[in-house]
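Let's talk through this one together. Have a look first, then we'll go question by question.

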Protein chains: 2
Amino acid sequence: MTETIMEEKLNQLKQHLAEVADLQYTGALLGWDLQVNMPPGGSVGRSYQMSTIDSLAHKMFTSPEIGQLLDALQPQVEKLDPDSDEARLVKVTRREYEKRLRVPAEWVAEFAQITAQAHMVWQEARQDNDYGKFRPMLEKIFDLRRRYAELFAPYQHIYDPLIDDFEPGLKTADVKAIFNKLRPQQVALVKAITDRPQVDDSFLHLSYDEQKQWDFGVDVITRFGYDWKRGRQDRSAHPFTTHFGIDDVRITTRIFPNHMSSGLFSTMHEAGHALYEMGVDPSFGRSTLDSGVSLGFHESQSRMWENLVGRSLPFWTYFYPRLQEVFPEQLKNVTLRSFYKGINRVQPSLIRVEADEATYNLHIMLRLELEIALLEGQLSFKDLPEAWNSRVQEFLGLLPPNDAQGVLQDVHWSSGYIGYFSTYALGNLISAQLWDCIQVDLPDLNEQIRQGEFDGLRGWLVDKIHRHGAKFEPQEMMRNLTGSQIDPAAYMRYLTAKYTDIYSL
Amino acid sequence: MTETIMEEKLNQLKQHLAEVADLQYTGALLGWDLQVNMPPGGSVGRSYQMSTIDSLAHKMFTSPEIGQLLDALQPQVEKLDPDSDEARLVKVTRREYEKRLRVPAEWVAEFAQITAQAHMVWQEARQDNDYGKFRPMLEKIFDLRRRYAELFAPYQHIYDPLIDDFEPGLKTADVKAIFNKLRPQQVALVKAITDRPQVDDSFLHLSYDEQKQWDFGVDVITRFGYDWKRGRQDRSAHPFTTHFGIDDVRITTRIFPNHMSSGLFSTMHEAGHALYEMGVDPSFGRSTLDSGVSLGFHESQSRMWENLVGRSLPFWTYFYPRLQEVFPEQLKNVTLRSFYKGINRVQPSLIRVEADEATYNLHIMLRLELEIALLEGQLSFKDLPEAWNSRVQEFLGLLPPNDAQGVLQDVHWSSGYIGYFSTYALGNLISAQLWDCIQVDLPDLNEQIRQGEFDGLRGWLVDKIHRHGAKFEPQEMMRNLTGSQIDPAAYMRYLTAKYTDIYSL
């Protein structure tokens with residue numbers, strides 16, 4: 001193949017991928033609108049629309065033309081630098097193509113329709129606090145997911161193909177090894193903290209004007225570098241980030257009048273995701289490279305901005321006087337140090353999304369164990385709530401009073417996201433590993449943050465991570481950046497130092 | 001073909017049409033979001049998304065499967081009542097299919113992309129008041145439209161295929177005949193009015209709180225029967241109605257602090273469109289019957305609620321005391337009669353969307369003449385602004401000081417809508433013809449409106465018009481309802497009576 005023909009084939013491939021991407025962005029808009037704007041009457045029609053778009057995207061991506069183009073390009077890109085954009089585009093597309101090719105269009109349509117339906121059933125079940133109502137849907141979804149995994153046989157573990165959708169290349173054994181190392185340390189840390197006198201955070205639960213909370217969050221993420229010309233923030237019941245291309249990356253948040261930190265940290269968290277998408281090389285737009293490395297890496301960015309930046313003392317050294325100006329009544333008698341301790345209060349609780357940094361990963365581990373047990377058939381769906389509750393008691397010392405605060409609390413399973421939860425914990429671990437790296441390259445990082453300056457940090461992230469989009473696999477990216485695999489040591493060092501200070505451990 | 005096989009074929013057809021409808025609804029959401037939410041950075045990506053979705057919808061609708069199903073069903077439905085849902089579904093789908101089949105996919109993709117680009121160029125040109133900047137795009141669009149019309153040769157007039165997209169079955173000759181009858185009467189009426197002392201409407205231009213304006217409009221259309229569980233209202237630069245199925249029908253409006261009636265009547269207008277969509281038989285959802293008869297019929301509904309209801313004395317007999325309660329400062333010294341006269345003030349003006357009922361149709365006629373002249377090649381694009389201005393002077397006695405207030409004022413041409421404008425005037429005529437009919441069936445209609453009761457009116461419209469969706473052609477519908485064709489007499493009677501009262505003609 002001459003260079004011109006290769007270029008032509010590559011352009012044909014890109015054109016195909018661009019149309020698939022258009023469908024995916026459009027599907028994302030349908031989802032965004034569903035959560036942000038849609039009147040209740042629209043739900044049935046919307047589930048049809050989402051199913052139709054998903055099916056079409058699947059059909060177009062798995063078309064024989066794409067397979068032929070990939071085959072034709074394969075020997076050519078092997079002559080290129082394996083890290084070149086072209087070689088990686090073909091590699092990532094092939095990985096995705098070969099995975100998707102195994103999945104029948106009927107499965108995709110059924111999955112889209114069942115999950116749309118399950119979402120509504122789950123909402124009702126949670127409202128009525130009735131796991132029994134949701135159980136038939138949950139069984140269907142796990143069954144669909146098991147059938148999906150079986151399409152990828154042989155595998156070491158039936159959970160492997162599911163994880164692979166969210167963390168390309170990662171295996172169940174890897175995740176188990178990481179979590180087995182993490183769990184005793186995390187449990188011991190929580191134990192040590194809860195043995196100490198509790199810190200006060202009652203001032204966070206006074207009455208805070210919602211618009212002022214919103215505006216303060218907007219100011220913070222504007223400083224982070226969130227580009228309002230290429231995004232917007234709305235309210236939704238569950239905060240999330242979505243994008244319809246590199247130049248339209250939207251976030252949502254929720255604001256509680258009596259819980260000031262909740263909306264603010266959720267805004268920072270989603271902005272962390274959004275900065276990742278906004279930082280991807282524009283030439284990757286409308287292709288398989290236009291997104292993050294993996295969900296775990298994505299979460300490392302959101303958790304970094306939310307926690308390593310947003311819950312740090314340097315950050316509040318800059319922002320706390322400003323926050324006091326906005327809420328003088330509520331905060332006049334709260335020192336910076338007390339505020340810092342309050343927003344970092346550790347309190348085992350029932351709800352994952354409200355969990356502090358010390359207990360968060362425990363919520364993840366219990367979900368991981370239950371997902372695996374359900375898939376392996378070791379646990380029946382009937383016994384799930386009990387299994388959930390007994391683990392909450394074991395890990396957190398609490399007993400959920402009902403299913404709404406227990407097994408029904410998360411949206412993920414109703415959306416068919418089995419194998420997703422562990423990426424949250426992996427994100428925490430990755431964020432701390434990256435943070436160690438960044439501090440080597442930017443020795444005055446803390447001083448910059450104390451000045452409210454984030455260009456250095458964002459610049460590093462864009463250069464080392466964001467701009468590369470989905471070119472690399474997560475473990476590969478970690479090795480490139482840190483020289484090691486995903487590992488809990490850095491995160492545990494970070495947590496231990498932080499809480500040793502706050503709780504005088 | 002047995003009945004079972006026919007049913008099976010019909011279901012296959014419906015399934016195909018449902019998927020096409022899903023794509024069209026999705027395209028409509030892309031458009032709604034573009035105008036309501038999208039950050040500016042999203043515009044390039046959005047034009048790709050819209051083009052991809054349009055092309056796919058076109059491709060799916062013109063697939064050979066649909067042709068084969070239509071052919072197989074044809075002899076069967078000929079045995080049915082020709083007005084049955086099934087016979088009409090096949091008829092309307094065939095008409096649409098045969099039209100679309102003539103249009104190459106390349107034309108559709110080019111049209112979508114050019115119009116997306118033209119929209120941005122037009123916005124800039126209007127802002128910079130520079131017709132020259134827009135002219136190349138306008139020529140491209142007219143050229144595309146001419147190429148489109150030529151696909152339908154032979155025709156009596158090159159404008160016929162364009163009108164047919166918006167008013168199925170209507171011909172250029174019909175429209176010209178209607179307007180030739182209308183124009184002298186309308187011009188004479190305006191002349192008679194402008195010879196009389198002007199009425200005062202200065203109270204409409206005091207300072208009115210925007211939120212209170214919004215809330216009042218919401219109250220009004222809630223009374224009309226707009227169903228908030230199946231819709232929502234947002235702000236946009238140009239008010240419009242769109243739907244993503246029968247159960248998600250959205251409207252937009254705009255509010256000016258110093259022009260109270262503008263936002264209110266725009267809300268009523270769009271609600272009129274929305275009530276039409278909300279009233280379509282639910283079994284027509286996701287099919288070619290799920291919409292109105294034509295744009296003219298659609299406009300008859302919006303203009304009816306806005307003008308025949310919303311600018312009537314009975315309406316304000318009920319609502320004016322309520323409006324005075326909301327804005328006591330501004331309206332305390334304005335009587336009901338003065339208010340009524342103020343909102344019906346006739347004042348020739350340059351901008352179509354701000355035109356009153358007496359001058360509105362004149363704006364339409366000038367556009368119609370220019371579109372035809374451009375298509376016929378009688379007028380060059382270079383001379384368009386001058387031709388525009390001289391007609392404005394002839395029809396309205398005014399001279400546009402610049403192109404932004406002249407030839408660049410409307411969005412339609414940039415969107416490729418050539419042949420669309422006349423539907424606005426037809427809507428006015430139809431609304432008055434229908435109104436005469438309704439008053440025969442509901443002799444106490446005015447009394448109901450005086451009581452703030454609209455169920456009778458809406459019920460009539462749903463029963464006689466809305467629920468039938470797109471089953472009938474506009475002239476056919478008119479004959480069914482009124483026994484006559486579209487004709488200006490009723491509208492001129494309505495206007496003459498109204499202004500004879502207001503201006504003591």
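A quick definition before we start: a salt bridge here is a side-chain nitrogen of Lys or Arg within 4 Å of a carboxyl oxygen of Asp or Glu.

Q: How many salt bridges does a search of the whole structure find over all chains?
A: Keep in mind that this is a predicted model. Chain A averages a pLDDT of 96, and 100% of its residues score at least 70. With every chain searched, the salt bridges come to 80.

Q: Which helices does the salt bridge between A:K99 and A:D165 link?
A: In this pair, the closest N and O atoms are 2.5 Å apart, and the cut-off is 4 Å. The two residues lie 66 residues apart, so to speak in distant parts of the chain. A:K99 belongs to helix α4 (residues 85-101) of chain A and A:D165 to helix α7 (residues 160-166) of chain A, which makes the linked helices α4 and α7.

Q: How are α17(A) and α19(A) oriented to each other?
A: Helix α17 (residues 422-441) of chain A packs against helix α19 (residues 455-464) of chain A with axes 11 Å apart, at an angle of about 115°. Angles from 65 to 115 degrees count as roughly perpendicular. The orientation of α17(A) and α19(A) is therefore roughly perpendicular.

Conventions. Residues are numbered from 1 along each chain as its sequence is written. Chains are lettered from A and ligands numbered from 1 in the order in which they are written. Side-chain values use heavy atoms; hydrogens and water are left out. Axes are lines fitted to C-alpha atoms, for helices over the stretch in contact, and angles run from 0 to 180 degrees between N-to-C directions. Helices (H or I, at least four residues) and strands (E, at least two) are DSSP runs, numbered from the N terminus. Angles under 35 degrees count as roughly parallel, over 145 as roughly antiparallel, 65 to 115 as roughly perpendicular and the rest as oblique. pLDDT is the predictor's confidence in each residue, from 0 to 100.
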